[in-house]
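Trainee: Could we go through this model together, one question at a time?
Mentor: Gladly; let's begin once it is on the screen.

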Amino acid sequence: QVQLVESGGGLVQAGDSLRLSCAASGGTFSMYSWFRQAPGKEREFVAGINWSGGSTYYADSVKGRFTISRDNAKNTVYLQMNSLKPEDTAVYYCAVGPYASRRVTDYGSWGQGTQVTVSS
């Protein structure tokens, strides 16, 4: 059974940094991604990385500020978030899937989410 556990969220000020972690168990997967959902908005793709770590993908809104990485030995994916903005406030979810995709519906397993709040 696949289990994804996120951690690292919190309350920070604009311009600060946070690092999210997602520990996976129950298998290895081709694609690990982060999504986020702000109140009243649809869940959106943030960043993704393939199993080898050789390919990464980012939403335009976070490109240059966020970095996704992984530690295969620990089966853990990280999202380093720098220069945070109030509009980054959301619940951040980790998800795994069989191929590179930015679509929510292509991911079958999700974590419980971790809240990130950025104050101005």
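Trainee: In which loop does serine 83 lie?
Mentor: Strands here are DSSP runs of E of at least two residues, and helices are runs of H or I of at least four, numbered from the N terminus. By that rule, serine 83 lies in the loop between S8 and strand S9 (90-97).

Trainee: Before we go on, what kind of model is this, and how are its residues numbered?
Mentor: This is a predicted model, where local features need pLDDT of at least 70 and side-chain atom pairs count only at pLDDT 80 or more, while totals for chains, interfaces and linings use all residues. Side-chain values use heavy atoms, without hydrogens and water, and residues are numbered from 1 along each chain as its sequence is written.

Trainee: What is the phi of serine 83, and how accessible is the residue?
Mentor: Most residues other than glycine have a negative phi. Serine 83 is not a glycine, yet its phi is positive, about 50°. Buried means under 20% relative accessible area, exposed over 50%, and partly exposed in between, using a 1.4 Å probe and protein chains only. Serine 83 is therefore partly exposed, at 41%.

Trainee: Where is asparagine 75, and is it buried or exposed?
Mentor: Asparagine 75 is in the loop between strand S7 (66-71) and strand S8 (76-81). That hairpin of S7 and S8 has 4 residues between the strands, and asparagine 75 takes a positive phi near 50° there. With a relative accessible area of 12%, asparagine 75 is buried.

Trainee: How many bridges join S7 to S8, and what stands opposite aspartate 71?
Mentor: Two strands pair if DSSP finds at least two bridges between them. S7 and S8 run antiparallel and are joined by 6 bridges.

Trainee: Which side chains of S7 are buried?
Mentor: The side chains alternate along this strand.

Trainee: Which residue in S8 is the bridge partner of arginine 19?
Mentor: Strand S3 (residues 18-25) pairs with S8 over 6 bridges, in the antiparallel sense. Within S8, the partner of arginine 19 is glutamine 80.

Trainee: Which cysteines form a disulfide, and how far apart in sequence are the parts they tie together?
Mentor: A disulfide is counted when two cysteine sulfur atoms are within 2.5 Å, and the count comes to 1. Cysteine 22 and cysteine 94 form it, with their sulfur atoms 2.0 Å apart; both are buried, and the link is left-handed, at -75° about the S-S bond. Cysteine 22 is in strand S3 and cysteine 94 in strand S9, so the pair ties together parts separated in sequence by 72 residues.

Trainee: What geometry does the aromatic pair of phenylalanine 35 and tyrosine 107 have?
Mentor: Rings of Phe, Tyr and Trp (its six-membered ring) pair if their centres lie within 6.5 Å; planes under 30 degrees apart count as stacked, over 60 as edge-to-face and the rest as tilted. The structure holds 6 such pairs. In this one the centres are 5.1 Å apart and the planes 75° apart, making the pair edge-to-face.

Trainee: Which residues form the aromatic cluster?
Mentor: Phenylalanine 35 is buried at 0% relative accessibility, and tyrosine 107 is buried at 5%. The cluster consists of Phe35, Phe45, Tyr93, Tyr107 and Trp110.

Trainee: Over which ring does the charged end of arginine 70 sit?
Mentor: A charge sits over a ring if NZ of Lys or CZ of Arg is within 6 Å of the ring centre and within 35 degrees of the ring normal. For arginine 70, the distance to the centre is 4.0 Å, and the ring belongs to tyrosine 32.
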